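Welcome, and please open the model in your viewer. We will walk from one selection to the next and look at what is there.

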Amino acid sequence: MNPADLPPELATPTEPALLAAVRAIAQGPLAEQVQGIDRQGHYPRAVLQQLASAGAMSAHLAAPAGLGDYGLAIRAMAEASRVCGATGFMMWCQAVCGLYLEQSGNPALTGDALMQIASGQRLGGTALSNPMKSYAQIESLLLKATPVDGGYLVNGALPWVSNLGPDHCCGAIAAVEADGQSLSKELMFLLRCDAPGVTMRDCPSFSAMEGTGTWALHLKDYFVGAGELIADPAKPTIARIRAAFVMLQCGMAVGITQGAIDSMWAVEAQLGHVNQFLDDRPDALQAELDALTTRVMKMAETPFDGSTEFFIDVLDARAHCAELCLRAAQSALMHQGARGYLMSSDVQRRVRESHFVAIVTPAIKHLRKEIARLSQEEMPV
């Protein structure tokens with residue numbers, strides 16, 4: 001597709017215009033729905049599509065789908081997460097789904113399929129929580145693929161995959177087997193929720209993030225043909241995109257942290273005389289967040305740096321983001337006092353959102369495990 005032929009919703013806006021558009025959506029229609037997203041499990045499809053039309057979930061993609069700017073994608077995610085962490089997380093899901101298609105090299109996925117994800121015409125997620133844990137030797141792969149004529153049949157179940165719906169899609173990985181024996185490779189593919197062999201089932205209720213379109217996926221003889229192949233074998237592609245995958249998550253942590261700091265300043269005039277005795281004051285947290293954001297923005301200039309040293313730095317920054325998010329949300333509750341303990345409070349919601357940032361793959365313990373492993377490999381003998 002020629003860039004000149006792109007429909008208006010796929011036009012790539014300038015950086016200030018994109019961030020201004022995201023801010024307007026976040027502080028307008030998203031802010032109006034945030035309680036429903038958090039408490040009633042409302043899936044904000046229209047808002048997500050507005051954000052996608054503004055270029056917020058495709059800013060990291062190369063032209064013509066996006067601006068090729070990972071820093072901008074992270075800042076856009078942070079703007080939405082400042083208002084609603086669940087929406088920021090779904091933006092990340094959509095962003096990495098686009099990343100998978102772009103990096104597939106498969107013409108069936110890098111053309112109209114990619115443009116549909118970039119524009120929000122089709123929404124999608126990532127089913128890579130289990131594979132990422134598998135590569136870190138935390139758990140085994142849950143999906144199994146068997147070679148057949150023209151492709152593979154995939155069977156298995158994933159307990160929860162987010163930003164999904166009946167007409168959505170996601171990237172997934174399965175271990176390849178034949179006659180019950182491992183072939184020592186994995187297959188990465190685009191899983192379409194409306195295809196034969198896919199069953200979506202409700203998940204148990206979470207303490208937060210209920211409106212994230214999170215489902216359990218069950219696959220029975222799901223056929224993967226050439227048109228759905230993202231990578232075969234999968235590991236070289238995972239090695240290429242792993243830093244970008246993790247780095248993009250920093251956007252939701254930065255945004256939730258900023259929202260927590262905002263709520264601390266909101267009561268400073270009334271409660272500053274006593275809040276001054278608390279640890280983690282808003283000015284100190286802001287300085288730490290600004291320095292961390294600057295560090296992430298520098299990394300975002302080279303998202304496909306394949307060195308182990310760079311990946312360790314990305315993992316460390318992501319862990320710092322999660323830890324700072326936890327501290328800021330907890331401190332915001334202390335600063336706001338009883339009003340922050342109300343179930344309807346933005347502060348209460350951000351405490352629960354910060355817990356999600358800390359446990360979503362890669363969780364803090366996963367990050368620290370990988371940093372220790374990779375650092376040991378890098379040490380000279």
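One term comes up throughout: buried means under 20% relative accessible area, exposed means over 50%, and partly exposed lies in between, with a 1.4 Å probe and protein chains only. This is a predicted model, in which local features need pLDDT of at least 70 and side-chain atom pairs count only at pLDDT 80 or more, while totals for chains, interfaces and linings use all residues. Residues are numbered from 1 along each chain as its sequence is written, and side-chain values use heavy atoms, with hydrogens and water left out.

**Stop 1**

Start by selecting Gln49, which is found in helix H2. Helices (H or I, at least four residues) and strands (E, at least two) are DSSP runs, numbered from the N terminus. Is Gln49 buried, exposed or partly exposed? Gln49 counts as partly exposed because its relative accessibility is 24%. Leaving out residues up to four places away in sequence, Gln49 touches Ser119, Gly120, Gln121 and Leu123, where contact means heavy atoms within 4.5 Å.

Next, select helix H6 (residues 112-119), where six of the eight residues are buried. The buried residues are Ala113, Leu114, Met115, Ile117, Ala118 and Ser119. They pack against helix H2 (45-53), helix H4 (85-104), helix H5 (107-110), strand S1 (124-126) and strand S4 (169-178). Gly120 follows H6 and has a positive phi, near 85 degrees.

**Stop 2: two helix pairs**

Select helix H3 (residues 70-81) with helix H8 (residues 235-248): their axes come within 10 Å and cross at roughly 30 degrees. Axes are lines fitted to C-alpha atoms, for helices over the stretch in contact, and angles run from 0 to 180 degrees between N-to-C directions. H3 is therefore roughly parallel to H8; angles under 35 degrees count as roughly parallel, over 145 as roughly antiparallel, 65 to 115 as roughly perpendicular and the rest as oblique. Tyr70, Ala73, Ile74 and Met77 of H3 make the contact with Ala244, Met247 and Leu248 of H8.

Then move to helix H12 (residues 308-336) and helix H13 (residues 346-359), whose axes come within 9 Å and cross at roughly 160 degrees. That angle makes H12 roughly antiparallel to H13. To see the contact, show Arg318, Ala322, Cys325, Leu326, Ala329, Ala332, Leu333 and Gln336 in H12, which meet Val347, Arg350, Val351, Ser354, His355, Val357 and Ala358 in H13.

**Stop 3: backbone details**

Finish with the backbone. Most residues other than glycine have a negative phi, and most peptide bonds are trans. Where do the cis bonds lie? One joins Asp232 and Pro233, with omega about 10 degrees, and Pro233 sits in the loop between strand S8 (229-231) and H8. The peptide bond from Thr361 to Pro362 is also cis, with omega near -5 degrees; look for Pro362 in the loop between H13 and helix H14 (364-378).

Now select Gln137, a residue other than glycine whose phi is positive, near 60 degrees. Gln137 is in the loop between helix H7 (129-135) and strand S2 (143-148), and counts as exposed at 58% relative accessibility.
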